Amino acid sequence: MVELLNAIVSGLALAMPLFLAASGLTLIYGVMRVINFAHGGFFMVGAYVATSALRGQVHGFWAFIGAVILAGIVVAIFSAACEEIIFRWLDPSEHMLSLLASYALSLIIAGGAVQIWGAAAKTQPAPPLLAGSWSFGGVVLAQNDVFMIIMGLLLAAGLWALLNQTSFGKQATAVAGDPVMAEALGIRVRWVAIGVFAAGGLLAGMAGGLASPQYSIAPGLDQLFVLQSFAVIILGGFGSIGGAFGASLLLGLLESILATYAPSLSGYGFYVAMAIVLMLRPQGLAIAFRPRRAPQPEVSA
Amino acid sequence: MNEGNVKTRVDEDNPSSPAAEGLAPSSGASAWWARAGRNRLVPHAVLAIVLIVLVPSLLTGSNLALATTAVIYGLFALSALVLFGWVGLGSFGQAAFFGTGAYTAAMLKDHQLNPLIVILIGAFVAMLLALVVAILAGNSSGIQFAMLTLVLGEVLHQLLFTFRDVFHGDDGIFGITAQPLFGMNLFDQKNFWWYSAGVAAVFALVLYGIHRSQLGKTFTAVRDDPVKAAALGTSVRVARTAAFMISGFVGGIAGVLYSQQQTGAAPGLVSTVMSGSVIFMVFIGGTSNMWGPFVGALVYTYLTTRLFQGSNTSTIWIGLLLLVVVVLVRGGIMGLVERGVRLLKQRVTTARSAS
């Protein structure tokens, strides 16, 4: 029982950076119809920026938060620039083209990251405030895990508010539904596109910064995260933020429970879950989680 | 295999078409050229034979080894073209077939089989895997299909590490010894070139035949409009499964050749990186004809082994090149060549009609 509770807590903590990365991916897909293969790269750049800003040293809590925000902003600018330079030229109805273009972008980011930060793995210790843990009768609550869960929930709430409560969110919903009609109604589709990419990049960069104490930051982190984020949005349904939240929780818990009870299978949980869903239910599990007037899932011919 | 029939067949290059006959000049040598030009196979086959004969006398040592690798990669890229170009399915897990062929050959290393037998075994194992993947992925298309193949490829990659005593994890399986083929010593680089280029040419010809056949037309119909093809009585799923098995078979052959050249197989051959490399080759070369994959493979091999010598910057440049091709030059290198040839032909016909 204690073991299970521990697995649940660490599963929730695993789920949060995953949700943040995947929510950016699904936001960009939902509005712009671009599957961004480079999203894992955005995440990795965020982790690198946060580590560089803190120089891999132990810093206080607020310095860490500052580094996370910095990582988010840097990646947001980079992401918006990618939209401006690359994705605006691609026909959104040709999914394969944008997938290939973003794959090429992911190669450029992976190569560039090695050029800038080197091939050696970096580590970023958590701030002392988050390094400890609480124990309740054998159930260990790592403070960093609690912090990750709180930050994940805060950012999820912020994203929900951005999409449902602001004029930008309304405009983005309109563009997702029908870009031509949105343009005709006076919405500046170009600005919405840049804004959506920036928001997606912000989420990925902050996720990278937040997760930097949990992971060894090295080349290959981008591929790990892009595969996992893909698994999340497939499980959650393409373009659905709520679905991404549910799927992240599911996959995080699955991964940590497998790691506790069946360590030999722990690498496969993601893949198996993703493959099963794609085969049986290509539109994703979480139709009930969809926000109102969300883009329809693609129907395969 | 092919249950579906597409009723409306279009013969783009019917040699006895009266319109084409009327355009062709009727005298001597130019008539021969015109005929050869219309029958697409002959000039391409001649070009292929000339290249196969010329390359070993022009190149030696590591250059010849590089050319051999490029041809093997070209065959691999051709297997990806079957899915990308013929049925319009973008696979991100193509390395699974290549790696299956390579690992099959590596695991048969102690049996001292004829290399051609190993090729057939490797190709059949890869084709069986392709059948399994087709059954699993047959429901999806587009982005879902790309992701599903990516995942299945990644699962295969992980299996190499889970079953460490069979596949030896990171170490891979090495130690394939060159068995003689018809008395030919395959250790010799020139002989290995004849062998691999010959195999590649034979299977390129087989694929050409398939593409021209009824099955090839079905593939095109399924690619261009799956819904309409289904309405006309084509089983989309059967066509896609057929394409998958052909692709797996050819990819397996390329994998066997590669492991025979490298004397073994390593997990890198099954990785996402490898699947990405073959996508690069296909799109740099262009999907409009069967030279494209070979041209793309040559560019890739040259870029990674010569120009950047495996340094980290090669990833950046490969990404940039792919980006330029995807965003600006859709048809790849062969697309540019075809456009050039078309312009030249136009220039010639206008000059002729003016004079």
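**View 1. B:Ser79 sits in helix H4 (residues 61-86) of chain B.** Helices here, like strands, are DSSP runs numbered from the N terminus (H or I, at least four residues, for helices; E, at least two, for strands). This is a predicted model, where local features need pLDDT of at least 70, side-chain atom pairs count only at pLDDT 80 or more, and totals for chains, interfaces and linings use all residues. Residues are numbered from 1 along each chain as its sequence is written, chains are lettered from A and ligands numbered from 1 in the order written, and side-chain values use heavy atoms, leaving out hydrogens and water. With a relative accessible area of 0%, B:Ser79 is buried (under 20%; over 50% is exposed and in between is partly exposed, using a 1.4 Å probe and protein chains only). Leaving aside residues up to four places away in sequence, B:Ser79 touches B:Gln94, B:Ser247, B:Val250 and B:Gly251, contact being heavy atoms within 4.5 Å.

**View 2. Helix H13 (residues 272-285) of chain B packs with helix H16 (residues 332-354) of chain B at about 10 degrees, axes 3 Å apart.** The axes are lines fitted to C-alpha atoms over the stretch in contact, with angles running from 0 to 180 degrees between N-to-C directions. So H13(B) is roughly parallel to H16(B), a label for angles under 35 degrees. B:Phe283, B:Ile284 and B:Gly285 come from H13(B), and they meet B:Gly332, B:Ile333, B:Met334 and B:Gly335 of H16(B).

**View 3. Helix H11 (residues 241-261) of chain A, end to end.** At 1.5 Å a residue, its 21 residues should span 30 Å, and the end C-alpha atoms agree, being 30 Å apart; the expected span is 1.5 Å times one less than the number of residues. Among the buried residues of H11(A) are A:Ala244, A:Ala247, A:Ser248, A:Leu251 and A:Glu255. The buried residues of H11(A) pack against helices H1 (2-32), H6 (143-165), H10 (221-236) and H12 (269-280) of chain A.

**View 4. A:Arg33 lies in the loop between H1 and helix H2 (39-54) of chain A.** Phi of A:Arg33 is near 60 degrees, a positive value in a residue other than glycine. Most residues other than glycine have a negative phi.

View 5. Residues 191-210 of chain A are 100% helix, with end C-alpha atoms 28 Å apart. Residues 41-59 of chain B are 95% helix, and their end C-alpha atoms lie 27 Å apart.

Key: Angles under 35 degrees count as roughly parallel, over 145 as roughly antiparallel, 65 to 115 as roughly perpendicular and the rest as oblique.
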